[in-house]
Amino acid sequence: MTTAVADLLFRPRNVVVYGASSDPAKLSGRPLDYLKKFGYAGGIYAINPHRNQVQGVPAYADISDIDAPIDLAIIVVPAAAVVEAVERCANAGVGTAIIFASGFAEIGDPGTAIQDRITAVARRSGMRVVGPNCLGSFSAGNRAFATFSTAFDDEGERPDSPIALVSQSGAVGTFTYSTMNSLGLGARYFANTGNEADVTVVELLAGLVDAPDVNLLLGHIEGVKDFAALEGLMRSAADHGKPLILLKAGRSPAGSRAVAAHTASIAGDDDAFEQAVTTYGAIRVHSMEAMADAALAFAAGRAAAGRRLTVVTQSGGAGALATDTAVELGLVVEPWQSADRERLASHLPYFASTANPIDATGSLINDVGILTRTLQVVCDNDDTDAVLVVLGNSDASADAMVEALRRAYAATSKPFFVAWTGGSGRPRRQLLDAGIPTYPEPSRAVRVLSYLVEHSLRRAVESAAG
């Protein structure tokens, strides 16, 4: 049975770095350094005709000299030597190869002809090819860091979350990954597909949909070569109950031209893409920041039972702004129709508002008990499907307020988001460390909350239908 490309790429038994340098600072030396540094447990080999060892790893003049099955070859030679390297890897029975070098279809006709030769080798031999013009992949669980990205220069611990992130653009992928890290999130699987001479973002994500250690799928797409395969990915993600968040470039004619210059991709019919997202319940975002924000929203694993949002704030103005955005996005922000409103009033200053949004006023800064008691009532309220707390500055009272938010979050299973604007940023970091989805601006929190609500309600309907 043929091994799926996702298994070869993310769970390789043996890896070879083809053209490996003895200098770990060089692009051609980094993958070997990362494999060793991060503790990859499989076999590691190097192809370098001038050495017997490279960075302490056995080196060979030709890949056919290696007496072990190679699941993954990382090809780090210059563009002019890539085709020969691909052919040698294919002849040696390599499962999949990653090509870092640029200078192929993205530069026009001369490069396209060379890239077509790579595609032909892949089709003839059955060896899968990731790239060219890409920065590789990693799998956190297997420690298979097959990349030259500088995002891994720092040896510090990184978050490991049950998330798969596959991006056609290397920069978009690593920028999003780094932003996720700053939010306390990691990626269990990451890949950059570049020009997609063979393997695509869609294929890799489809190969990870049923992975038990993946709960959330993120993809950046520049071109859609096989629309049926994209629809199949969306359908499969929905069937498995896993949110699929997609960032697609090329919405405008100018954007489509930029896509062609970057990875030689054809952006495709954006209206058809949008329709597929709607039909299958995927989530489309329009920026790297929004993708990371959405990942934070879904990573908490909570579902909303309805659209009714209760907003709690220390600022009536900020609450009004958050409410406008929420209503525009299809959420319901209405006063409660229950005795809880009277109960709430007993905990608030006489000049506060028990309408929704609930304006607890700036008094909660000096009396954090106001926030604690308000959130107890809010989380228990039957007219509330999700909670958004909008705060700002308040560094002097932040520790007590953060603790109140932690307790409230732990006491409910409802989606519970915080927007904390201004100040030192320390309270946001504390809340993120506690696993609470926290954003620096209310509109960002509301937008991704709307994605979560729509996905929750769609899942509920599908589950009820059997």
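Helix α6 spans residues 201-208 of this predicted model, with helices taken as DSSP runs of H or I of at least four residues and strands as runs of E of at least two, numbered from the N terminus. Its buried residues (under 20% relative accessible area, 1.4 Å probe, protein chains only) are V201, V202, L204, L205 and L208. Seen down the axis of α6, these residues fall within an arc of 165°, so they line one face of the helix. The arc is that of the directions from the helix axis to the C-beta atoms. Elements covering the buried residues of α6 include α1, β10, β11, β12, α7 and β13.

The model is predicted: local features need pLDDT of at least 70, side-chain atom pairs count only at pLDDT 80 or more, and totals for chains, interfaces and linings use all residues. Residues are numbered from 1 along each chain as its sequence is written, and side-chain values use heavy atoms, with hydrogens and water left out.

The chain holds 17 helices and 19 strands. Buried residues make up 55% of its 466 residues. Along the principal axes, the C-alpha trace spans about 80 × 45 × 40 Å.

Note on methods:
Buried means under 20% relative accessible area, exposed over 50%, partly exposed in between (1.4 Å probe, protein chains only). Contact means heavy atoms within 4.5 Å.
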